[in-house]
Amino acid sequence: MQIRIVSDDGVPIYIQIVNQVKHLVASGRLAPGDEMPSIRVLAAQLTVNPNTIVRAYLELEQAGIVTKRNGTGTYVSEVRAPMLQREKIKILASRADALLTEARQLDVDLVEVIKLLRERNAMMLEEEIGK
Amino acid sequence: MKLPSPSSAEAVVAITDLSRRFGAKTVLNDVSLYVPRGSVFGLVGENGAGKTTLIKHILGLLQAETGTVRVFNLDPVANPVAVLGNVGYLSEQPDLPGWMRVEELLRYAQAFYPNWDKVYAEKLRAQFGLDPAQRLSTLSKGQTAKAGLLVAQAHRPNLLLLDEPSSGLDPIVRHDILQAVVRTVADEGRTAFFSSHLLEEIERVSDQIAMLHHGRIVFCGSLDEIKARHRRFTLHFETAQVKPPVIAGVLSLSGEGKEWTVMCNGTRTELPSIAAGMGARIIDDRVPSLNEIFVAHAGTFVS
């Protein structure tokens, strides 16, 4: 599991872990049923306090992202919680912002951008059918 | 035995009202701190703040002039064997007998600690890449730190005590040291106490911190609580300010022209109205990093 911790921007480390696990799940890099690393292993891997991992896992469990099975460990939940859709939208929103900023700098208006998205989408679908 | 405070029952280290003078200089001034069992306790402070002097009291190398020091509820000066037998200590410059070979060091250290774990020591030696036949005097600074860390860890001490362990070391050795700290706590709930001026390291692994400044404790407690008590605001003024704006009760203020950054203790709910009164907008409001908190506190005491 790839997680990167930065300690210079004031975001609590447990929230960084929670957010990155949510992204990993939303993007499919962590699949339902996958086993999460144990507290000790992840604490050593990230060199962070074990209590921080405990707190992150608790938060993820409460959000329905992971499930604890007694005695065996922590797993990515089988049932897709409704908030995962929100997470997906959140990921796309930052991409959309970048696209819109660039469009504005290049003086391309919103109608043109939407038209472009439709065209690109159509091309992508054609390619998939072609295969 | 009289306990200095109710919370000290679960404290591995309990220091109460400790003061220490060297000649005319007061190095520790009324210091009280408690290190809860199973925590990673980070001690921060500038060079000369008194960190090493404090650690020497925990080790029983210095006797408390005023106040009390208890480690595992014992006076470390009166009970050196019971205390030091349960402490793994690594100093900034480990004082290892240079004429010994690595394998001799392991046998030598083993004699001091009844709980020495030979298998674990060998595992650490291999993991750290230390050659058993190499003389200690020929080890690099990083290898010396690893050898010191090995000796500090291999008897699985109840308290791992590290004084500026990362000082002047490369990132790989620093990572090994931090991993030792994390493992100490993750395995069997033992306790780690370490001092450092690398605040990113402290922030990553500690759950309890204290800041020592000119011999006094500036703050001491849970890292989360201390962070939550501080806020960092960025103010944007309509016109460039020639002189720093005057705001009562802030820890520090920096910036120039139209943008100024204010560090506050507490959430300071009144700050938006103060800012509005001065013709400024708050354009950023966030929890600061430990580094920013440290700099703000250190600055307020420097004249």
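# Notebook: a look through chains A and B

I started at Asp117(B), and beyond its neighbours within four places in sequence I found it touching Ala154(B), His155(B) and Arg156(B). A reminder to myself: this is a predicted model.

**Asp117(B), continued**

I checked where Asp117(B) sits, and it is in the loop that links helix H3 (102–112) to helix H4 (118–127) of chain B. Then I went through the polar contacts. The side chain of Asp117(B) meets that of Arg156(B) in a polar contact of 3.2 Å. I also found the Asp117(B) side chain reaching the backbone nitrogen of Tyr120(B), at 3.1 Å.

Is Asp117(B) buried, exposed or partly exposed? I got a relative accessible area of 21%. Buried would need under 20% and exposed over 50%, so I put Asp117(B) down as partly exposed.

**His297(B)**

I moved on to His297(B), which belongs to helix H10 (residues 290–301) of chain B. Which side chain does His297(B) join in a polar contact of 2.9 Å? I found that of His230(B). His230(B) also turns up in the contact list for His297(B), along with Met211(B), Val218(B), Phe219(B), Leu251(B) and Asn265(B); neighbours within four places in sequence are left out there. For His297(B) I noted a relative accessibility of 6%. The cut-off for buried is under 20%, so His297(B) counts as buried.

**Sheet E11-E10-E12 of chain B**

I wanted the strand order here. This open sheet has three strands, arranged E11-E10-E12 in chain B, and they pair antiparallel. I marked strand E11 (252–265) and strand E12 (280–286) as the edges, since each pairs on one side only. On average, neighbouring strands of this sheet are turned by 25 degrees against each other, direction ignored. I then looked at one pairing: strand E10 (residues 230–241) of chain B runs antiparallel to E12(B), with six bridges. Who faces Phe233(B) in E12(B)? I found Asp285(B) opposite.

Strand E1 (residues 11–22) of chain B is joined to E4(B) by five bridges, antiparallel. In that region I picked out Ala14(B), which stands opposite Arg70(B) in E4(B).

**Chain B overall**

I counted up the elements of chain B: ten helices and twelve strands. Its C-alpha atoms fill a box of roughly 70 × 45 × 40 Å along the principal axes. Of its 303 residues, 50% count as buried. For contacts in chain B with a separation of 6 or more, I noted that 68% come from residues 24 or more positions apart. The accessible surface of chain B is about 13,800 Å², and 53% of that belongs to carbon and sulfur atoms.

**Chain A overall**

For chain A I have five helices and two strands, running α-α-α-β-β-α-α from the N terminus. Why do I call chain A more spread out than a compact globule? Its radius of gyration is 19 Å, whereas the globule rule gives 14 Å for 131 residues, so chain A is well over that value. I noted a C-alpha span of about 55 × 40 × 25 Å along the principal axes of chain A. Buried residues make up 32% of the 131 in chain A. Of the chain A contacts with a separation of 6 or more, 50% are between residues 24 or more positions apart. I put the accessible surface of chain A at about 8,800 Å², with 55% on carbon and sulfur atoms.

**Thr74(A)**

Beyond residues up to four places away in sequence, Thr74(A) touches Asp34(A), Glu35(A), Met36(A), Tyr57(A), Val66(A), Thr67(A) and Lys68(A). I noted 10% relative accessibility for Thr74(A), so I logged Thr74(A) as buried.

Technical notes
Residues are numbered from 1 along each chain as its sequence is written. Chains are lettered from A and ligands numbered from 1 in the order in which they are written. This is a predicted model: local features need pLDDT of at least 70, side-chain atom pairs count only at pLDDT 80 or more; totals for chains, interfaces and linings use all residues. Side-chain values use heavy atoms; hydrogens and water are left out. Two strands pair if DSSP finds at least two bridges between them. Helices (H or I, at least four residues) and strands (E, at least two) are DSSP runs, numbered from the N terminus. Buried means under 20% relative accessible area, exposed over 50%, partly exposed in between (1.4 Å probe, protein chains only). A polar contact is a pair of N or O atoms within 3.5 Å; within protein, one must be able to donate a hydrogen and the other to accept it, and residues adjacent in sequence count only if both atoms are side-chain atoms. Contact means heavy atoms within 4.5 Å. The radius of gyration is taken over C-alpha atoms; the globule rule is 2.2 Å times the number of residues to the power 0.38. Accessible areas come from the Shrake-Rupley method with a 1.4 Å probe; for residues, only the protein chains shown count as cover. Axes are lines fitted to C-alpha atoms, for helices over the stretch in contact, and angles run from 0 to 180 degrees between N-to-C directions.
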